[in-house]
Amino acid sequence: MDNLVAARATMAFSLGFHIIFAAIGMTMPLFMSAAHWRYLKTKDAAYLELTKMWMKGVAILFAVGAVSGTVLSFELGLLWPGFMQHAGPIIGMPFSWEGTAFFIEAIAIGLFLYGWNRMNPWVHWATGLMVGVSGFISGIFVVAANSWMNTPAGFDWVEGAARNIDPVAAMFNRAWLHESLHMQLAALQAVGLAVAGIHAWLYLRGRAPDLNLKALRIAMVFGAAASLAQPFAGHFAGEKVAEFQPAKLAAMEGHFVTSRRAPLTIGGLPDVETRTMKWGVEIPGLLSLLAHRDLNAEVIGLDQIPRENWPPVLIVHVAFQVMVCIGTLLAAVGALWFWFRRNNHLPRWFLWAVVGCAPLGFVAMEAGWVVTEVGRQPWIIYDILRTKDAVTPVPGMVYHFSLLLVLYLSLAAVTVWLLQRQIRAVQTKFGG
Amino acid sequence: MIDILIGFIAASLLLYVLLGGSDFGAGIVELLPAGRLREAQKEIINRAMGPVWEANHMWLILIVVILFMGFPIIFTTLMTALHLPMLALLVGIVVRGTAFTFRHYDAVQEARTQSIYTWLFGLSSLWSACWLGIIAASLNRGIMDPSSREVWSAWIAPWWGLYPLSVGVFVVCIYAFLASIYLVGETDDPALKRRFLRLAAWFNGLVIVAGGLVFLASANEQESLAKAFLRNPLNRGVVATATLLFVALWFFVAKRRTMLTRVVASGQVVLILIGWYVLYAPNAVIMATGPLSFYEVAAPPATLRQLVIALLVGSLFIFPSLFYLFRIFKLSRRPAEDQPRSDL
């Protein structure tokens with residue numbers, strides 16, 4: 001494996017791994033706090049049980065998120081010294097705020113996990129909420145740093161070095177809002193549906209039905225609401241990509257030839273050799289409409305982009321299709337949820353559908369990150385610095401990659417095994 | 001501005017060594033045979049570390065962030081030349097954090113899995129502590145050569161040798177010593193207290209031996225530590241005071257003044273770090289091509305200003321919450337019998 005490819009694989013894998021636990025770490029405490037709040041209000045023991053159950057899950061998953069996040073902060077330098085050397089002073093600011101927020105999160109989780117009976121119950125509740133809130137804020141900061149790589153701002157690039165650095169302008173670059181919004185919703189959506197799916201499954205199998213129904217309801221409020229909002233946030237992000245990163249949009253859509261009244265291609269596989277789309281369903285004019293709010297607007301195709309600056313079209317397009325397809329499905333599930341809740345009737349087939357959707361939010365989230373990150377290639381700082389020029393000179397990155405692969409895969413396996421033991425223990429306790 | 005940042009790095013490093021270090025030390029202590037006290041010791045360590053280890057770990061992240069934002073050249077130089085030790089450290093950090101948490105939160109508490117977690121936690125604590133020492137020792141050896149692309153001289157020589165290894169061993173001993181001293185105050189069980197005191201005494205001795213080894217091993221370095229220390233009167237004072245404090249330490253131990261023993265032990269570590277800093281300041285790193293001074297490689301002023309603002313504003317949030325965390329779990333320890341289980 002080429003050193004650059006190995007370094008990219010390492011980064012992709014470390015990020016792809018961390019993002020799952022980061023998403024859980026920032027959203028699950030919110031569910032937990034909701035359950036805890038209901039317990040403090042109603043004194044219904046089932047909510048206390050639910051709070052403690054989710055708390056244990058949070059404790060396990062948070063630890064994995066925290067250590068894999070530590071790895072990432074080092075990996076930035078271990079893998080991309082050529083990037084950090086320029087980027088550190090420019091985008092260090094969101095990282096320093098992220099560090100602060102995460103510090104608060106780490107303190108709050110210590111207080112919440114071990115603070116039962118030691119504090120005023122409402123103060124204790126607030127520490128649990130703080131875990132989620134500061135997690136959420138730190139997530140926004142990290143995504144702001146990533147968005148800068150896509151729409152660099154706050155510096156002048158003079159002879160291969162950054163001058164006139166303005167960290168504030170860099171942080172509030174043109175992509176920070178839509179990327180953060182899209183990601184934070186994705187986290188709520190993915191974790192909400194995954195948690196709901198697990199509890200729906202236990203409910204359907206008749207395990208502690210009261211507890212699981214309560215859990216399902218809390219998780220679905222977050223998951224369903226985020227799923228309904230996500231298509232709008234996604235569309236907003238798409239418009240911005242069309243404006244700021246036309247090459248990425250062209251790759252997402254497999255749009256090879258610049259045209260007016262550009263069609264939206266659903267499905268299909270782009271063939272880079274012949275520069276055509278195969279087997280896609282085309283809806284005339286829709287891409288122009290979606291990207292530029294005008295049926296006749298011109299959408300820049302890959303033909304306007306020098307060949308060496310193309311992102312890997314096939315990967316980006318397929319990942320984008322996967323994300324949009326899942327997003328649409330989940331929006332429908334979200335809408336149905338509110339419909340059934342209003343009518344106070346949850347049909348079993350719908351709960352089975354929720355079970356089926358459990359992993360999909362995470363799949364969509366990973367696919368979305370593939371779109372953003374692979375779609376940015378070959379640049380590490382868009383239009384400024386190429387990824388290959390930023391990679392570490394240290395040889396043998398393939399070993400680094402393999403080591404991390406083995407470590408993380410084992411960690412993932414143990415985590416899943418632990419959660420399954422956790423769930424089983426609670427269900428046994430409650431009978432059924 | 002740069003001075004404030006150096007202050008933050010120094011303070012974070014100090015707190016990381018004192019607080020994070022004692023967490024590492026707890027893992028090392030658990031590796032030693034404990035006989036019938038094993039379970040009780042595990043419980044005490046769970047209770048002592050559980051609420052605070054994630055916060056204690058944050059000091060390391062803070063150092064990394066300050067370095068890559070404020071002193072990017074130092075950050076990238078270290079991450080390149082010391083790639084392998086950093087990677088080794090990371091593996092250790094991942095394993096110990098998760099093993100510790102998994103041990104406590106595993107829904108099924110079986111002897112066999114529990115002992116696997118304990119071993120993983122202990123070994124990875126030992127491993128990470130040792131690599132931290134190796135990294136610290138490698139900063140100032142004058143071997144890192146940023147222009148070299150030859151496997152040995154570029155990626156291995158900077159951290160290879162008896163001297164970095166001896167510093168690694170020294171750090172392991174210090175961490176275990178700190179943990180033993182801190183743990184004495186965490187338990188009311190007389191047998192456990194005796195055990196931790198005995199361990200503290202042992203590690204006290206080992207710290208002195210390992211410290212001697214560091215000086216001996218440094219004889220092969222470009223400048224031996226002994227010479228460097230003797231050159232500087234402040235450092236002679238630091239070494240003498242740190243050694244003399246052992247007398248004060250054991251006096252307070254005999255008087256059963258838990259808090260004072262903790263303060264004195266921490267003070268010794270502070271002195272060691274001061275001695276280390278004085279030796280090289282204001283150079284963060286000394287490479288084959290010369291030193292990298294904080295003052296010379298700092299990021300542009302606009303960046304430093306934002307970093308300082310973030311750190312100062314962040315401190316307004318972090319220090320009060322941290323104080324609250326420690327007050328709840330460390331200062332107002334209730335008698336053991338009415339302590340609720342952490343998970344109710």
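1. Start with Trp148(A) and Phe155(A): both are buried (under 20% relative accessible area, with exposed over 50% and partly exposed in between, using a 1.4 Å probe and protein chains only). Bear in mind that this is a predicted model, where local features need pLDDT of at least 70 and side-chain atom pairs count only at pLDDT 80 or more, while totals for chains, interfaces and linings use all residues. Side-chain values use heavy atoms, leaving out hydrogens and water.

2. Over all chains there are 32 aromatic pairs (rings of Phe, Tyr and Trp, the last by its six-membered ring, with centres within 6.5 Å; planes under 30 degrees apart are stacked, over 60 edge-to-face, the rest tilted). One of them joins Trp148(A) and Phe155(A), a tilted pair at 5.7 Å centre to centre with 55 degrees between the planes.

3. Over in chain B, Trp131(B) and Trp159(B) have ring centres 5.5 Å apart and planes at 65 degrees, so they count as edge-to-face. Both of these Trp residues are buried too.

4. Chain A also has a ring cluster: ring pairs link Phe13(A), Phe17(A), Phe21(A), Phe401(A) and Tyr408(A).

5. Two charges sit over rings (NZ of Lys or CZ of Arg within 6 Å of the ring centre and within 35 degrees of the ring normal). Lys43(A) is over the face of Tyr39(A), 5.2 Å from the ring centre, and Arg96(B) has its charged end over Phe24(B), 3.9 Å from the centre of that ring.

6. For Cys130(B), the nearest cysteine sulfur belongs to Cys173(B), 9.7 Å away. Cys130(B) counts as buried because its relative accessibility is 17%.

How values were computed:
Residues numbered from 1 in each chain as written. Chains lettered and ligands numbered in written order. Disulfide = S-S within 2.5 Å.
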